[in-house]
Amino acid sequence: MPPIIQLEHVTKIYRMGDVTVSALLDISLTIDEGEFVAIMGASGSGKSTLMNIIGCLDGPTSGRYFLGRHAVSEFDRDTLADVRNRKLGFVFQNFNLLPRASALEQVVLPMLYAGVPAAERNRRAAAALTRVGLGSRLEHRPNQLSGGQQQRVALARAIVMNPRVILADEPTGNLDSRTSMEVMALFQELSGAGITIVLVTHEPDIAAHAARCVVLRDGRILSDTHSVPRRAQTFLAEPSPEGPKTQEGKTRPVAGRSPVSERSS
Ligand code: ADP
Ligand code: MG
């Protein structure tokens, strides 16, 4: 697969008055299309800074970043906004949902910016929510959803524009381990569908679900290793009071579930 993300000698220095912080130092990193990469490292090691650069939210102080075949530094503001909207999907630790908006409205939003016609917006938003197991929660607001369900709404919002890449910064940081596995199963399903995933975590149990793990320390790459990903065990198929239901009210088995014998660890 061709590279989709390519950083060449990227350095990021934050200046605050007289104080400078070198958040990234000479990072060269290539991620191929379809890869599922975990970024690990202690707090302050530069993970979020790296994600902000990959997500075109911030530029490097020096070095070059190519997204696909394009040098990101050559994009103007409108192109950057368009790339973020159409090519990249973002998932955050705190879900970043609008408190008063329904699940459907949250997922409609990126299509609103992109000028997708109204009828198509609603159809695609409902389909994306169904894909993440929330087909019967379209009208629920964040405070009417569990943490795992809120993160799945955020995932639906991230995939509704059919992005090439999903960037997730500690997406399971606010979730319990069981709910984390449901979310990781969804990431694995999206990865299986060919979407490139870059996921920041400080939990080795979460990183084990990616096929590649890049560890940062003090703004540098400490290690970059490939391994057989662990299959996320999902519990979505089990009957549970808050489990996802189909429109008929039956629990729904979800792809990504695998027998124990298939799992590797
Ligand atoms: P991580 O996500 O791994 O915890 P960050 O990328 O957030 O690390 O931060 C890396 C370093 O850069 C830290 O020392 C942090 O204090 C500093 N830093 C991050 N963002 C800023 C900013 N906007 N201004 C100044 N310093 C920053
Ligand atoms: Mg961070």
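Trainee: What share of the residues in the protein is buried?

Mentor: A residue is buried if 20 or more other C-beta atoms, placed from the backbone, lie within 10 Å of its own. Of the 265 residues in the protein, buried ones make up 42%. This is a predicted model, in which local features need pLDDT of at least 70, side-chain atom pairs count only at pLDDT 80 or more, and totals for chains, interfaces and linings use all residues. Residues are numbered from 1 along each chain as its sequence is written, while chains are lettered from A and ligands numbered from 1 in the order in which they are written.

Trainee: How many helices and strands does the protein have?

Mentor: Helices (H or I, at least four residues) and strands (E, at least two) are DSSP runs, numbered from the N terminus. The protein has seven helices and ten strands.

Trainee: At what angle do helix α3 and helix α5 pack?

Mentor: Helix α3 (residues 103-114) and helix α5 (residues 147-159) pack at about 30°, and their axes are 8 Å apart. Angles under 35 degrees count as roughly parallel, so α3 is roughly parallel to α5.

Trainee: Which residues make the contact?

Mentor: Two residues are in contact if their C-beta atoms, placed from the backbone, lie within 7 Å. From α3 come Ala103, Gln106, Val107, Leu109 and Pro110, and from α5 come Val153, Ala156 and Arg157.

Trainee: Which element gives the largest share of the shell around ligand 1?

Mentor: A residue is near a molecule if its C-beta atom, placed from the backbone, lies within 6 Å of it. Helix α1 gives the largest share, three residues. The residues around ligand 1 include Tyr14, Gly46, Lys47 and Thr49.

Notes: Axes fitted to C-alpha atoms, helices over the stretch in contact; angles between N-to-C directions. Parallel < 35°, antiparallel > 145°, perpendicular 65-115°, else oblique. Buried ≥ 20, exposed ≤ 12 C-beta atoms within 10 Å, placed from the backbone.
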